[in-house]
Amino acid sequence: MVTVYNSVERIDAEAVNSKEKRSSYAARVKIFPKRVAGTFRQLKWWIMLVTLGIYYVTPWLRWDRGQHAPDQAVLVDLANGRFYFFFIEIWPQELFYIAGLLIMAGVGLFLITSTVGRAWCGYTCPQTVWVDLFLVVERWMEGDRNARIKLDKGPWTFDKWRKRLIKHAIWIVIAVATGGAWIFYFADAPTLLKNFLTFQAPFVAYSTVAILTATTYVFAGFMREQVCTYMCPWPRIQGAMLDEDSLVVTYNGWRGETRGGQKLRRTQGEENFGDCIDCNLCVAVCPQGIDIRDGQQLECITCALCIDACDGVMEKTGKPKGLISYATLRNYNSNVAGVESPTTWRSFVRPRTYIYAGVWSLIGLIMLGFLLTRDRLDINVLHDRNPVYVRLSDGGIRNGYTIKVLNMRAEPRTVTLSLAGIEGATMTRTGSDAAPSNSIDVDLKPDKLVSMKVYVSAAKASLTGEVSDITFTVTNTVDEESASYTAKFNGPAER
Amino acid sequence: MANKEVDKLSGIETTGHEWDGIKELNNPLPRWWLWTFYATCIWALGYVIAYPAIPLISSATTGVLGYSSRAEVADELTNAKIAQADMLAKIQSASLEEIRKDPEMLQFAVSGGRSAFLVNCVQCHGSGAAGSPGYPNLNDDDWIWGGKLEDIYVTLKHGIRFQWDDDTRDSLMPAFGADEILERTQINDIAEYVRQLAGLEHDGEAATRGVAAYVENCAACHKEDGAGDPEQGAPNLKDAIWHYGSSKQEIAQQIYKPRHGVMPGWVNRLDDETLKKLTVYVHSLGGGE
């Protein structure tokens, strides 16, 4: 078989973490990722478009909640302690939903990692997405890999100044837009934008934008792969998450070795070599600057750009694609042992993924159940501690309570607060001249908490002991929704 | 150093220090660490110039910004006073009843009153205003000198048996025993009768004997049915609340040689707004009439 290798030129690229030169004190080696086209690159463009789209557009979506609540679809209202997500409104005491979502995100990450490996890192992590975006700007201004290396090594000519300044200016614009979009999640977006531009927004808005601008600019412009390699804990955790059935970007050495370039092949004979022509393109396109042929390593974010690069080369050399491919360790090992074993979706079907998927769905269902049946009317009762009870002139006993009634609907409501548990007990509300009675009406403002001081009096004979139970119930007169709280009623030790 | 020594195994220069044959490698500090260190040095230099930093014998350098934590506190206090000014003016012009009826003023008065109470009143009345024997419980509905807003306000202003205020609330119960107005047996009988008035366990015979002496000596202030008289500060004897205890011995002691509580008047020590806030606070504790 005669193959023309001249069409693929060898690139002078070396992995930044090549084994021979590894040292604890190595300075950073600059990485100039080469442009590549292919299936995965295409997928990554789409994912970038969708994730950035979600990030920038979400705060501007509107959602009608009536006149008593904001109309922003997604809003974290820190000042009033409310979180709005389309048709869901969460009060601070319901933050466990957020905790539940975080647990789901965690288990989801386990599930994704055990099946398709570090897909999060390679495709959707903000660090990856923004570095990709910054690289687009860099390539547009300074050209592809070789041009950038040349420019970087070259003297500071006018042209270099010009290109660098424009590049950094665009980076900063992107960084400001990144930080700028973040603050709109925390206030009414149109109002905040107007105030922000007229310098009337609160200081924290400007400082947040400034901090996020700085982190975006530094992380995506300068630190890049170092964030993944040195700062992020996930590459370390993945060691416990991946197993021999997880998909990882794999150099299929069993068909690639012995690698050899065109000169060697010509002199020593094609039959002595594997499919890898040692063109180094996989190293040149890697945003992490590593050589996938050294095996799986923590620097690899499995962005699959080396797969695209190598597939292109295989096409040119007339060899089957997939010298670098997504493969499981199990398939790889059996291929090495000589048993042909392509990687298919069957690697997803195993107890581990069942358990992760099961746990994930279970938490999701429990949360959904809670969400669909949750109360929108609640009562909290705080018993006075000092004094715990007061003896009245007629020999009766009085206890004081601070009662908080929560109206979690965005409409005004009137509820009845009533007492149960102690025979003949009556209550009065401070500031009200109404006669003591067993129940009082309370007006609730929309989406607000009402706090009131209530004194409950009872005859000593009606108490069951030093401590009796007393139940406060609020009932909405219109929709019959109700909530109860059982508190303690204290009395003297002697009967 | 003229000749650098290099460790053969690692190829790294040594510091030249040697301990029992072991030499220390001269690995440089990480650059990010060094830069952070330099940045903090520069920051410290600027800080020393801008802020008070170097202690002198009796003071310290003031810094070019002229910052002082004392001035900052003073500023905050001034700002707080300015912020309260509107409400205070409203409290000043409003009547006690108006304050109680207005939710906003009520909230302001109750929290302000509570702060003043914690500074001036807790020493006797306790932090929960529950008092102790001899010091009235302000939560209950029994008032020696009246529990209306106006009554509480006057008591607060002028105090009780407070010798430096001519308008103070004043009344003295005679020492029936110590001054030999009544016999010991009569005192005993009156005590039994008072317990009968209050519906407590008592010796019926002695109580009956005590009726005449009670009417003659006590009813003028405490009234014939024992309901007392807030105008004179004569406590109600038939309710469940006892200033100095309800046992026969405690009652007899009080008749023999009464104790008289003293409360200072606050009109010269607290401004009128504070007195009004305190009044509304005490009234809001649950027993206000």
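This is a predicted model: local features need pLDDT of at least 70, side-chain atom pairs count only at pLDDT 80 or more; totals for chains, interfaces and linings use all residues.
Chain B was examined as a whole. Its secondary structure comprises 11 helices and two strands. Along the sequence these elements follow the pattern β-β-α-α-α-α-α-α-α-α-α-α-α. Chain B has a radius of gyration of 36 Å, whereas a compact globule of 289 residues would have one near 19 Å. The C-alpha trace of chain B spans about 120 × 55 × 40 Å along its principal axes. Of the 289 residues in chain B, 27% are buried. Contacts within chain B were also sorted by sequence separation. Among those between residues at least 6 apart, 54% join residues at least 24 apart.

Chain B also touches chain A. The contact takes 14 residues from chain A and 18 residues from chain B. On the chain B side, six of these residues are nonpolar, eight are polar and four are charged.

Helix H11 of chain B covers residues 272-283. At 1.5 Å a residue, its 12 residues should span 16 Å. The end C-alpha atoms are 16 Å apart, which agrees with that value. The burial threshold is 20 or more other C-beta atoms within 10 Å. By that criterion 10 of the 12 residues of H11(B) are buried, so the helix is largely enclosed by the rest of the structure. The buried residues run through B:Thr274, B:Leu275, B:Lys276, B:Lys277, B:Leu278, B:Thr279, B:Val280, B:Tyr281, B:Val282 and B:His283. Their cover includes four helices of chain B: helix H2 (69-93), helix H3 (96-101), helix H4 (103-120) and helix H6 (149-158).

In chain A, one open sheet has four strands in the order E11-E9-E13-E14, with antiparallel pairing. Strand E11 (439-444) and E14 of chain A stand at the edges. Each has a single partner strand, so one side of each is left without a neighbour in the sheet. The twist averages 25° from one strand to the next.

The pairings within this sheet can be followed strand by strand. E9(A) and E11(A) pair in the antiparallel sense over six bridges. Strand E9 (residues 413-420) of chain A also pairs with strand E13 (residues 467-476) of chain A, again antiparallel and over six bridges. A:Leu417 takes part in both pairings: its bridge partner in E11(A) is A:Ile440, and in E13(A) it is A:Val474. E13(A) then pairs with strand E14 (residues 482-490) of chain A over nine bridges, in the antiparallel sense. In this pairing A:Phe472 stands opposite A:Tyr485 in E14(A). The hairpin of E13(A) and E14(A) has five residues between the strands. In that hairpin A:Glu480 takes a positive phi near 65°.

A further open sheet in chain A has three strands in the order E1-E2-E3, and its pairing is antiparallel. Strand E1 (74-77) and strand E3 (88-90) of chain A are the edge strands, each pairing on one side only. The twist averages 10° from one strand to the next. Strand E2 (residues 82-85) of chain A is joined to E3(A) by three bridges, and the two run antiparallel. A:Tyr84 has A:Glu89 as its bridge partner in E3(A).

Backbone geometry was examined in several loops. Two cis peptide bonds are described for chain A. The bond from A:Glu257 to A:Thr258 is cis, with omega near -5°. A:Thr258 belongs to the loop between helix H11 (253-256) and helix H12 (262-268) of chain A. The bond from A:Asn386 to A:Pro387 is cis, with omega near -5°. A:Pro387 sits in the loop between strand E6 (377-383) and strand E7 (390-391) of chain A.

A:Thr302 is not a glycine, yet has a positive phi of about 50°. Its loop runs between helix H13 (281-284) and helix H14 (305-317) of chain A. A:Thr302 is buried, because 25 other C-beta atoms lie within 10 Å. B:Asp20, also a residue other than glycine, has a positive phi near 45°. B:Asp20 is placed in the loop between strand E1 (14-19) and strand E2 (22-25) of chain B. With 4 C-beta neighbours inside 10 Å, B:Asp20 counts as exposed.

Definitions and conventions. Residues are numbered from 1 along each chain as its sequence is written. Chains are lettered from A and ligands numbered from 1 in the order in which they are written. Two strands pair if DSSP finds at least two bridges between them. The radius of gyration is taken over C-alpha atoms; the globule rule is 2.2 Å times the number of residues to the power 0.38. Two residues are in contact if their C-beta atoms, placed from the backbone, lie within 7 Å. Ala, Val, Leu, Ile, Met, Phe, Trp, Tyr, Cys and Pro count as nonpolar, Asp, Glu, Lys and Arg as charged, and the others, Gly among them, as polar. The expected span of a helix is 1.5 Å times one less than its number of residues. Axes are lines fitted to C-alpha atoms, for helices over the stretch in contact, and angles run from 0 to 180 degrees between N-to-C directions.
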